Amino acid sequence: QGERQQGERQQGERQQGAHQHGERQHGAHQQGAHQHPAVVWMCGGDRPSDEDAMKVAGNELRGLIGVFKCALPGIAVPMMALIDYLGFRLIAIALLPIDRDTIVYGSSDGGQHVHADDPEMNAKMKAIGDQLNLRGHIVTDKLIYGPGDIEGHLGRDGRYYVLDYSRLFPAEAPSKGTLSAYQKRARFYRLLRPEFVRRYPLPLSSDAFTNFQRWDPDDRELNTHVRQATESLLYRVIPAFARRLDLAMHKYHTANTSTNEFRLTETAHREGIPLRHLGRLRRRVESPILKRIILCELVARLLKCLIHRTLRAQMKLTHRPSQQHYRRGVLGELNRFFSRTDVALRFWTDPALLKRELTTKFAYCLCDEEPLSTFDLRTRVDLDKVLVRMMEMTTVTLAPRVLEELFNDGFEFVEADVLGFECKVKHMNIVALSTAIVWRLQAQLRHGNEYRRLFDLAERQFKSSLASIPNCPTTFFEWGRLLHADALRTQSLVSFRRARLKYHSSILHNPARTNKAYYYISKLLFEQGSLLLTRIRDPTVDQRALLATVSAVPTTEAPSPSPSSPSSPSPSTTTATAHPATDLFEFVHSNFREAVQCHPGLVVWILSLAKDLSMKLANIPEHSDQEDRESNRELLDSAAEADQKQKQQKQDQQLDVLTSASLTRLDQLETTRRAQQSRREDALFRSVDICLNVVLTVEPDNDQARQLCGHLLLEWGSRLIQRLNLRNHAVINEFERTCIRVGQLYARSMEMVPSLAKVIANIGANATDHIFVILYSVNQLHPTGAGLDLRERAETLTTLDLSHACGVPNRMLAALFACAAHLCEVRLPHCWQLSAEVIALLCRVANRTLRCLDLSHCHRLSPRSLVHHIAQLPALRRLSLRHCELLTPHAYLEFALSCSPLLAELDLECSLGCPRQVHDDALCALARRCGRSLRRLNLNHCMLLTDQSLLALAKHCCCSPSSSSSSSRRRPSL
């Protein structure tokens, strides 16, 4: 008739174990005869289960932390801690100024009297339910958010208190079919994780599948929602998480990094997966390393439960505080697991012993041949890791030498190996977090070994805090600040990377712009980029090793698959670039871009850095042979003195050899010095260019940045012109990029024209098409200033490759196309700046000669240009329209109806998910018009095509059978 505490049993009956909750059911025979009362244990059903009662206590702390995280003004919660000792668990909770008469919400007597008396308290509990994604339901005649036996009190001090959180989150749906008495009670402790409940798209009822909810008219619907959530966890979240874990482990393996610090429990909890489902997770993962890690965790947890069971049995048997009896019980369990005896071998191989315990506690945990009696399960686990993990989870303390002797032949535990039993305390995460912050602040005032000791203590407390709440953004943020300060102190790129990951995790779990992590991560990215730019300018630094350091998978972080579950969208956060950087400058550029996205005010810092670097570039003397001779004069004098001494001591033949070696060494030193100066100049220019590029991307009208960029390009162009005498292809490419940037700022860079006039004399036939376009446009627009004779080359130009020349203005291209009447092949991929007028001019001038045209990734190519200009080219043989996203299905159809029938190659690849794609009508028309000439056709990602298109291609894109062949089979030409 209701749920009661076990303390209401008959006076004098001994209470055994930590399960002091029970349920008494009363009844009578139908004829009125008296029936003896039957005890139903809250944890265990027909028999008590201390292990499940400990889970109830854990749920109590977890629910309290959930309410505390809501940070609702006016709601107070008591401080709480769980104390584990000798297999028992105690709940330590602060005394509150409440009594039986102060309850205003919920029930304190198993649902016999339900309160919702205070409107203010009702509103606060509704707010808590909204944050935790809990649905209100009817208990008797009151609307309750949370379980029916939760208690809300208006204390004697005027504050609202909330108690009894053990069933705050919904229980997993019980399996269908007949349930035993033990299985029926599982709904009181087998709860869904708060991380999963928060992300589930529907609010869930805390009292699903219990009698507290029987008054609600939507009882069946509420139970259905919880059952659907349970199925989503088992059949969608866990498989998706397994795939992401496999991918993360593949990255670990590719980067050749260690997985010793991989925290499986925290990673699973962060995904909302209870550890009782680790067996399902192990069945789903494919990585052998992951399977081994998970099995080690399962065996360690089973060993913990068996040790606790043994300790409780000894306590109930002896009732003595001496630890001697408990040591003997623990030794038996340890030797069964870790000794090198036949008993241990049987324990690990017999399906009725360890394997049955594992499969009972963690369903589906054994795979392939593991359940067989011939298979030794020890080959799939690391015994040392199991032992270390067991000591972390239990109160047992072992001698340090045990780990060293564990794998010796004939090893067996003795009483001296068990040093004793300690208390294991679980606090609210606020305790560990506050302690970590205090040690972080104290570490900032220390130096040397004392600083490192406090740093390690703070990190340990942050880990403890995350063990309680894996998704706590505050913990990630404060941990990031600890690592950030360490990175600034030690100039460690590894600490920078770890701090960045912590800040990202904080933003991931709290994407609100009020999160301070946005500002701190932008500051960190700027400081990391500045440090990298300093390291890059050092000629002795290996840039490849430096790039590997900043972009490697961190060895001290767990694989971090996305926490978004299939049932909820991932929050929109600022994350790192999806593609790895090819060099350090690209990495710094992505850092600065992300920093400005997180905090736009950082533009001022980046512009100031650009000014400082440009001053350093201006202070580097330009390269000249006279300066080289002067700088090496001292070396030459010292070499001459050495030669004079050698002349006095050795013969003329030896003197010639030594003199030649000295001069060779001087040449090497001179070459090295020149290379180092060139590298430093390149690094400074690219550094300033990166800063200005980021500033102009955010603020295109920033006059200071544009003026500084113009002066920078002029300075750099003049230095490159002097270095072009070296006939270095890399220098020519760098000058090409500089010319393109000059074209972008052409209106502000007229002073560059006289310098450009010297290029032809320096590079001659080596001028690439990009440089030629710049030079030709300079000559056409400013003939008096340039004085270059380039018209002959432009008129005879047949091939033009301007790949990725997105910086060349349209007016420069138009100036060249106007006289290039003999163009046969034009490649313009990634020239997204192309306008319709330039395309029209090209097609009009080279109408009869243009045979190949590549316009892939020209995102501004309009349907009008395709239909009215490109389709009218009569000699066109090859055409690429890959990823031209503005082209419509109707434009494709018009093009197919009027294009050149001689078209042999056509690339129509679409962007994945692009709504504008080629369809069947266009492809069928293309097959009919160009069927006999078409040789290559790319339709990648054209999702709107059906079998109709393929049948048309098979019908029309074939040659007639050869007259000399006796076979009538048609040979396909496409």
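**Overview**

Analyst: The chain has 37 helices and 21 strands; these are DSSP runs, with helices being H or I of at least four residues and strands E of at least two, numbered from the N terminus. It is a predicted model, where local features need pLDDT of at least 70, side-chain atom pairs count only at pLDDT 80 or more, and totals for chains, interfaces and linings use all residues. Residues are numbered from 1 along each chain as its sequence is written, and side-chain values use heavy atoms, with hydrogens and water left out.

User: How much of the chain is buried?

Analyst: Of its 974 residues, 50% count as buried. Buried is under 20% relative accessible area, exposed is over 50%, and partly exposed is in between (1.4 Å probe, protein chains only).

User: And what does the accessible surface come to?

Analyst: About 47,100 Å² for the chain, with 51% of that belonging to carbon and sulfur atoms. Those areas are from the Shrake-Rupley method with a 1.4 Å probe, and for residues only the protein chains shown count as cover.

User: What share of the contacts join residues at least 24 apart?

Analyst: 71%, taken among contacts between residues at least 6 apart in sequence. Contact here is heavy atoms within 4.5 Å.

User: OK, helix packing. At what angle do helix 8 and helix 12 pack?

Analyst: Helix 8 (residues 288–318) and helix 12 (residues 383–393) pack at about 50°, and their axes are 9 Å apart. The axes are lines fitted to C-alpha atoms, for helices over the stretch in contact, and angles run from 0 to 180 degrees between N-to-C directions. That angle makes helix 8 oblique to helix 12. For the naming, under 35 degrees is roughly parallel, over 145 roughly antiparallel, 65 to 115 roughly perpendicular, and the rest oblique.

User: Left-handed or right-handed crossing?

Analyst: Helix 8 passes helix 12 in a right-handed crossing. A crossing is right-handed if the near helix is turned clockwise from the far one by less than a right angle, and left-handed if anticlockwise.

User: Which residues meet there?

Analyst: From helix 8 there are Cys 296, Glu 297, Val 299, Ala 300, Arg 301, Leu 303, Lys 304 and Ile 307, and they meet Val 386, Arg 389, Met 390 and Met 393 of helix 12. By class, the contact of helix 8 with helix 12 has eight nonpolar, four charged and no polar residues. The nonpolar class is Ala, Val, Leu, Ile, Met, Phe, Trp, Tyr, Cys and Pro, the charged class is Asp, Glu, Lys and Arg, and the others, Gly among them, are polar.

User: Now helix 36 and helix 37. How far apart are their axes?

Analyst: 9 Å, with an angle of about 0° between helix 36 (residues 920–930) and helix 37 (residues 947–956). The two helices are therefore roughly parallel to each other. Asp 920, Leu 923, Cys 924, Ala 927 and Arg 928 of helix 36 meet Gln 948, Ser 949, Ala 952, Leu 953 and His 956 of helix 37. This contact between helix 36 and helix 37 counts five nonpolar, three polar and two charged residues.

User: What does Tyr 189 touch?

Analyst: Not counting residues up to four places away in sequence, Tyr 189 touches Asp 52, Lys 55, Val 56, Asn 59 and Tyr 182. Tyr 189 sits in the loop between helix 3 (181–184) and helix 4 (194–199) and is buried, with a relative accessible area of 4%.

User: Last one: is Ala 818 buried or partly exposed?

Analyst: Partly exposed, at 49% relative accessibility. Ala 818 is found in the loop between helix 32 (810–817) and strand 17 (825–827). Leaving aside neighbours within four places in sequence, Ala 818 is in contact with Leu 841 and Val 845.
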